[in-house]
Amino acid sequence: MNMNEFDLIQRYFTAQSIYLPNVKVGIGDDAAIVAYDEHQDLAITTDTLLINKHFFESDDPAHIGHKALAVNLSDLAAMGASPVWVTLSLSLPHANENWLQGFCKGFFELSTRFKIQLIGGDLTQGPLSISITAMGYVPKNGALLRSNAKPNDLIYVTGTLGDAGCALALLKNQVNLPESGRTIILTKLKKPDPRISIGLQLLNLAHAVIDISDGLAADLKHILEKSQVGAQIELKKLPISNILKNNLSPETYFDFALTAGEDYELCFTIPPDKKNELEKINCVFTQIGTITDTKRLLILDENGNPYHGPTKGFQHF
Ligand code: ADP
Ligand code: MG
């Protein structure tokens with residue numbers, strides 16, 4: 001049997017002989033949470049970007065620098081963390097200073113925006129790959145976890161879904177969009193905006209949060225599994241950009257939204273009595289469904305019938 005990424009992590013890395021009392025959340029959430037001081041915990045996350053897998057040789061190195069950091073910050077956002085430090089491990093085929101200048105422009109523009117300091121890393125010669133570890137503070141015992149969704153919670157997503165998946169399909173000539181709408185869609189893929197500020201506003205408000213890196217369906221399922229609950233969502237409620245709606249079939253844009261990944265929006269749940277409080281926060285979000293006690297994900301199509309289209313997220317293996 002071919003094991004997927006999560007089976008492999010479960011089989012080879014989750015069981016250990018050491019469990020330290022200062023680890024509050026280990027493997028299995030968007031970031032680990034470790035005890036720091038009497039007011040704060042630390043959130044720590046790491047992600048790798050590989051050439052031809054997460055970006056292409058022809059990509060603007062400034063976009064690559066931005067994205068490598070942004071995807072890590074997205075995981076911190078999903079914990080409600082304020083980023084503070086970052087390390088950067090780079091494997092480069094050549095000492096290409098033009099490329100490095102571009103990369104650093106994108107990387108440091110974003111790190112400066114969030115007042116994050118680069119505190120170390122590694123530089124080796126080899127196939128182009130970028131590994132980043134990002135760390136930040138969360139209020140003590142206040143991190144936003146995947147495991148705390150409760151039946152009757154309302155489920156929300158930020159921004160719009162499917163844009164990045166559509167942009168990738170556009171680059172592969174699998175879809176066609178008018179010139180006028182391309183830039184905005186491509187920017188979502190190349191320069192995702194980590195939802196740090198929204199994560200912070202969700203502290204004390206959200207029950208469960210995850211960032212959508214592998215498609216809504218797969219990532220919502222992580223919340224359901226970790227929280228031991230189910231969910232019902234409605235396709236007609238999914239926030240889809242007009243450019244997708246006006247140029248693609250519903251089948252295509254719902255597929256991007258549910259399965260394509262790389263949107264780096266947040267999916268979160270709140271108890272129903274927090275709805276008024278949520279409406280006061282400064283962000284774009286949409287309610288897409290509710291948490292149930294069924295332990296499965298029910299997706300309703302535009303006519304209210306069960307949706308049987310693809311829901312598998314991005315699979316690494
Ligand atoms: P995300 O998509 O939020 O980055 P992943 O799906 O990549 O999270 O990983 C799921 C969980 O498994 C995370 O907690 C991550 O830290 C952990 N994980 C992934 N790979 C490994 C590994 N090789 N060793 C230990 N933990 C891992
Ligand atoms: Mg994540």
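How many nonpolar, polar and charged residues does the shell around ligand 1 have? By class, four are nonpolar, two are polar and seven are charged. The structure described here is a predicted model.

The shell around ligand 1 comprises 13 residues, of which G28, D29, D30, D75 and R146 come nearest. Among the secondary-structure elements, helix 1, spanning residues 5-14, gives the most to this shell, with four residues.

D29 contributes through its backbone, an N or O atom of which lies 2.8 Å from an oxygen atom of ligand 1. D30 uses its side chain, with a polar atom 2.9 Å from a ligand oxygen. For R146, a polar side-chain atom is found 3.1 Å from an oxygen atom of ligand 1. On its own, ligand 1 has 560 Å² of accessible area, and the protein covers 68% of that area.

D75 is buried, because its relative accessible area of 8% is under 20%. D211 is likewise buried, with a relative accessible area of 1%.

D30 and D75 also belong to the residues that come nearest to ligand 1.

## Aromatic pairs

A pair of aromatic rings is described by the distance of the centres and the angle of the planes. The structure holds nine aromatic pairs. In one of them, Y36 and Y137, the ring centres are 5.3 Å apart and the planes stand at 55°, so the pair is tilted. Y36 lies in the loop between strand 2 (32-35) and strand 3 (40-50), whereas Y137 lies in strand 6 (residues 129-139); the two are 101 residues apart and link distant parts of the chain. Y36 is partly exposed, its relative accessible area being 42%.

The rings of F103 and F107 have centres 6.0 Å apart and planes at 20°, so this pair is stacked. Both residues belong to helix 3 (residues 97-113), where being four residues apart separates them by about one helical turn. F103 and F107 are buried. Together with W99 and F108, F103 and F107 form one aromatic cluster.

Definitions and conventions. Residues are numbered from 1 along each chain as its sequence is written. Chains are lettered from A and ligands numbered from 1 in the order in which they are written. This is a predicted model: local features need pLDDT of at least 70, side-chain atom pairs count only at pLDDT 80 or more; totals for chains, interfaces and linings use all residues. Side-chain values use heavy atoms; hydrogens and water are left out. A residue is near a molecule or strand if one of its heavy atoms lies within 4 Å of it. A polar contact is a pair of N or O atoms within 3.5 Å; within protein, one must be able to donate a hydrogen and the other to accept it, and residues adjacent in sequence count only if both atoms are side-chain atoms. Accessible areas come from the Shrake-Rupley method with a 1.4 Å probe; for residues, only the protein chains shown count as cover. Ala, Val, Leu, Ile, Met, Phe, Trp, Tyr, Cys and Pro count as nonpolar, Asp, Glu, Lys and Arg as charged, and the others, Gly among them, as polar. Rings of Phe, Tyr and Trp (its six-membered ring) pair if their centres lie within 6.5 Å; planes under 30 degrees apart count as stacked, over 60 as edge-to-face and the rest as tilted. Buried means under 20% relative accessible area, exposed over 50%, partly exposed in between (1.4 Å probe, protein chains only).
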